[in-house]
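Please look over the model shown below before reading on. The paragraphs that follow take its chains in turn and then come to the contact between them.

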Amino acid sequence: MSDSTANGLVLAADGTPLKRSLSRAMRRQKMRAFMLVAPLLIFVLLTFIYPIGVMLSRSVQNDIVPETLPETVRVLGAWDASIGELPNEAVYAAFMRDMSVAIEAKRHTRLGSRLNYEKTGFSSMFRQSGRKMKKLDPITDAPFKDKLIKIHKGWGDVETWKTLQTYSGLYTSGYFLNAVDARMTPEGMAWQPEDKQILLKLFGRTLVMSLIITGSCILLGYPIAWLLANVSPRNANLLLILVLLPFWTSLLVRTSAWKVMLQQNGVINEVLVWIGLVPDGDRLILINNEFGTIVAMTHILLPFMILPMYSVMQTIPPVYLRAAKSMGATNWTAFWRVYFPQSIPGIGAGSILVFILSIGYYITPEIVGGTKGVFISNRIAYHISSSLNWGLAAALGTILLIVVLALYWAYDRIVGIDNVKLG
Amino acid sequence: MADTAKNDAFVEFERVQKSYDGVNLVVKDLNLSMPRGEFLTMPGPSGSGKTTCLMMLAGFETATHGDIRLGGTSINNIPPHKRGIGMVFQNYALFPHMTVAENLAFPLEVRKIGKSEREEKVMRALGMVQMQDFAGRRPSQLSGGQQQRIALSRALVFEPELVLMDEPLGALDKQLRETLQFEITNLAHELGITTVYVTHDQTEALTMSDRVAVFEDGRIQQLAAPDKLYEEPENSFVAQFIGENNTLEGVIKEIKGGVALVQLDNGDLIDAKPINVTEAGQRTRVSIRPERVEMDKSRLSPDAHTLKAEVLEFIYMGDIFRTRLRVAGNDDFVIKTRNAPDQVRLQPGQMIDIGWLAEDCRALDA
């Protein structure tokens with residue numbers, strides 16, 4: 001018999017342990033399954049995971065400073081900033097040598113821009129000094145302390161050297177601190193001045209508005225999903241097409257359409273004025289603020305709420321409602337106690353989808369949001385394409401990712417991810 | 001039809017019609033009256049209107065015409081939740097997000113019954129179906145039979161006088177079905193509940209009910225006690241639908257002294273009891289139960305007509321033998337004989353003579 005058990009092991013027909021021969025038999029299957037997944041896996045790794053990883057790593061990278069000024073960084077390490085005196089000639093000489101190499105390679109302006117994120121003025125200081133320092137010889141023209149201070153008085157400022165010392169490491173937490181409206185000073189962490197604190201407010205606004213959008217999607221989507229699940233299949237198909245219709249229109253077109261609808265000379269205001277509900281001189285401001293963003297994004301994200309709700313509601317047999325009513329429940333009680341609890345997985349799935357989509361939404365707030373209705377993603381885009389502070393952009397992106405994962409985790413703890421059904 | 005208990009009628013349908021599309025009637029002129037405490041089954045093929053009737057009684061469908069009365073008052077305009085009728089559904093309809101106890105407490109909660117009384121009633125109802133140990137489980141953790149027991153006790157927990165059951169045992173296997181049939185009838189009689197039980201299974205109808213209302217084509221074809229229904233079907237649909245049945249077609253030659261002489265289509269003559277045939281020359285379909293066919297000539301009257309039959313198939317079924325014959329051109333003529341020591345086992349190809357008592361053979365509508 002094949003299940004002979006010598007020393008407790010179950011053996012296969014040929015005498016090998018059953019476990020091993022089973023895993024050998026399964027290996028081929030597993031390999032085949034993996035091969036089927038492999039193309040997509042490689043594609044995702046190369047075009048998604050890897051670039052994101054590289055981008056996010058920029059949020060802590062600071063190698064530009066130690067690489068451009070290797071000697072200065074080393075010598076400056078010994079300088080005690082707390083005394084309040086300028087560093088000695090050795091630091092200036094090292095700096096001069098580093099700079100002449102950097103100027104030759106035209107890298108000093110990039111370093112200037114980098115340090116400018118931490119202390120305004122660095123960018124112009126490096127550019128201006130670069131031109132003049134080019135004329136000095138790093139060996140023969142010593143000593144350099146006074147000469148450099150003459151070139152730009154910034155080199156005579158203790159703060160300049162403190163900043164350089166603070167940001168001399170290969171890695172920095174500076175971008176992350178910036179992302180939460182703080183900064184790293186030689187004395188440690190400090191808050192940004194009041195007038196520069198906007199990012200935390202933006203994070204907060206993004207979260208609150210995403211919640212409002214998710215909420216209004218639930219309110220508007222639930223009745224539609226219910227209708228879809230309870231009309232005849234023919235009508236349900238027609239309705240479903242109407243729900244999906246926006247998907248076939250460009251996002252940009254839809255958002256621009258809202259611009260036409262909501263602006264002060266737009267359709268809605270014209271109608272309200274024509275009916276006489278709103279005086280002509282006092283038209284409603286519906287766009288370039290939070291309201292515009294919420295309206296347009298609710299409209300755009302609504303299908304993402306309706307579809308999961310619909311697919312869950314489809315699986316709830318109407319007989320439950322009948323059963324509840326036969327037991328004496330009114331229509332409302334039957335709905336609230338019996339139907340609604342069973343539709344929660346759909347609400348959960350839709351909410352996660354809409355919330356995560358909206359928290360990183362960019363185009364719509366950019367077009368209809370004005371200044372009051374923009375999201376954190378618009379700020380990230382600004383740092384990527386305009387201010388070129390990629391480190392800060394990466395830090396903001398990382399924080400956004402962490403917030404989403406944390407919320408997802410919290411949702412799992414409270415509602416349970418098993419309660420989410422997408423179909 | 002059979003409006004026998006008009007005075008103490010508890011459930012009454014009077015001239016009820018139902019149409020969904022305004023063109024076809026699903027229920028045609030339904031008249032029915034049930035006394036308190038009766039167990040009535042409504043068997044019928046699908047689409048015969050039996051479930052529609054049940055739903056009209058429950059209040060989920062409104063009658064297009066006619067009056068439905070419960071305990072003497074018309075309930076046409078009373079919404080389902082105020083009718084106080086218990087209901088058991090085919091797929092149990094236990095609420096999956098509630099435990100068994102919560103499911104049972106639901107009808108009591110919506111009736112605003114206090115917590116302690118509620119718990120007591122729930123446990124008592126679970127006790128009726130021997131499911132007390134499962135109070136904390138979810139429906140999904142129970143087997144089909146257990147779920148249906150819970151559904152039954154949920155329909156009974158608020159002590160309704162009338163309980164409707166819509167093919168409650170349809171999804172269960174045969175053995176479990178038989179056990180539950182027995183449990184349901186016992187419970188209904190013990191508690192004195194009036195029960196309307198819809199099924200497409202005619203054996204269920206026979207074994208469980210006080211009376212059976214056979215549905216077909218939107219009408220009650222026959223309303224009678226099970227034995228009467230089986231032995232004395234009033235038309236050929238009922239004869240066919242309830243139990244196994246052999247039919248032979250022919251023409252009435254004459255009706256004399258309560259016996260009809262029928263000439264079958266192949267020319268043979270047989271005796272039958274006229275049921276809904278009145279005169280000679282009418283086409284008829286005669287119906288004879290397989291166990292009433294007699295092979296032993298000595299048991300028939302000397303002048304009884306017999307038929308030649310060829311044995312086509314012999315099936316051994318343990319307790320009985322089932323033999324398929326060719327009789328008067330009908331290849332599906334079945335006879336059943338008890339497995340007794342002296343019973344002959346017929347061989348295919350064998351020719352035999354068969355006959356029957358005239359009262360066992362009913363001449364029905366063609």
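Two strands are said to pair if DSSP finds at least two bridges between them, where strands (E, at least two residues) and helices (H or I, at least four residues) are DSSP runs numbered from the N terminus. By that criterion strand 1 (residues 9–18) of chain B and strand 4 (residues 65–70) of chain B pair in the antiparallel sense over 5 bridges, and V11(B) stands opposite L70(B) in strand 4 of chain B. This pair belongs to an open sheet of 4 strands in chain B, which has the order 2-1-4-5 and antiparallel pairing. The edges of the sheet are strand 2 (27–35) and strand 5 (73–74) of chain B, each of which pairs on one side only.

This is a predicted model, in which local features need pLDDT of at least 70 and side-chain atom pairs count only at pLDDT 80 or more, while totals for chains, interfaces and linings use all residues. Residues are numbered from 1 along each chain as its sequence is written, and chains are lettered from A and ligands numbered from 1 in the order in which they are written.

Further along chain B, strand 12 (residues 259–264) and strand 13 (residues 269–274) pair in the antiparallel sense over 4 bridges, with A260(B) standing opposite A272(B) in strand 13 of chain B. These two strands form a hairpin with 4 residues between them, and G267(B) in the turn has a positive phi of about 105 degrees. Strand 13 of chain B also pairs with strand 19 (residues 361–365) of chain B, in the parallel sense and over 2 bridges; here the bridge partner of P274(B) is A363(B) in strand 19 of chain B.

Confidence in chain B can be read from pLDDT, the predictor's confidence in each residue, from 0 to 100. The average for chain B is 89, and 98% of the residues score at least 70, but over residues 1–6 of chain B pLDDT stays under 50. The model scores ipTM 0.82 and pTM 0.78.

Chain A has 19 helices and 4 strands. Its radius of gyration, taken over C-alpha atoms, is 31 Å, well over the 22 Å that the globule rule (2.2 Å times the number of residues to the power 0.38) gives for 423 residues, so chain A is more spread out than a compact globule. Along its principal axes the C-alpha trace of chain A spans about 100 × 95 × 35 Å. An automatic or database domain assignment divides chain A into domain 1 (5–57), domain 2 (64–172) and domain 3 (199–419), and the C-alpha centres of domain 1 and domain 3 of chain A lie 40 Å apart.

Of the 423 residues of chain A, 32% count as buried, that is, 20 or more other C-beta atoms, placed from the backbone, lie within 10 Å of their own, whereas exposed residues have 12 or fewer and partly exposed ones fall in between. E118(A), in the loop between helix 5 (108–116) and helix 6 (122–133) of chain A, counts as partly exposed because it has 19 C-beta neighbours inside 10 Å. Leaving aside neighbours within four places in sequence, E118(A) is in contact (C-beta atoms, placed from the backbone, within 7 Å) with T163(A), Y167(A), G174(A) and R183(A).

How many residues does each chain give to the contact between chain A and chain B? The contact takes 19 residues from chain B and 14 residues from chain A. On the side of chain B that touches chain A, strand 6 (85–88) and helix 2 (100–109) of chain B are the elements that give two or more residues.

Note on methods:
Two residues are in contact if their C-beta atoms, placed from the backbone, lie within 7 Å.
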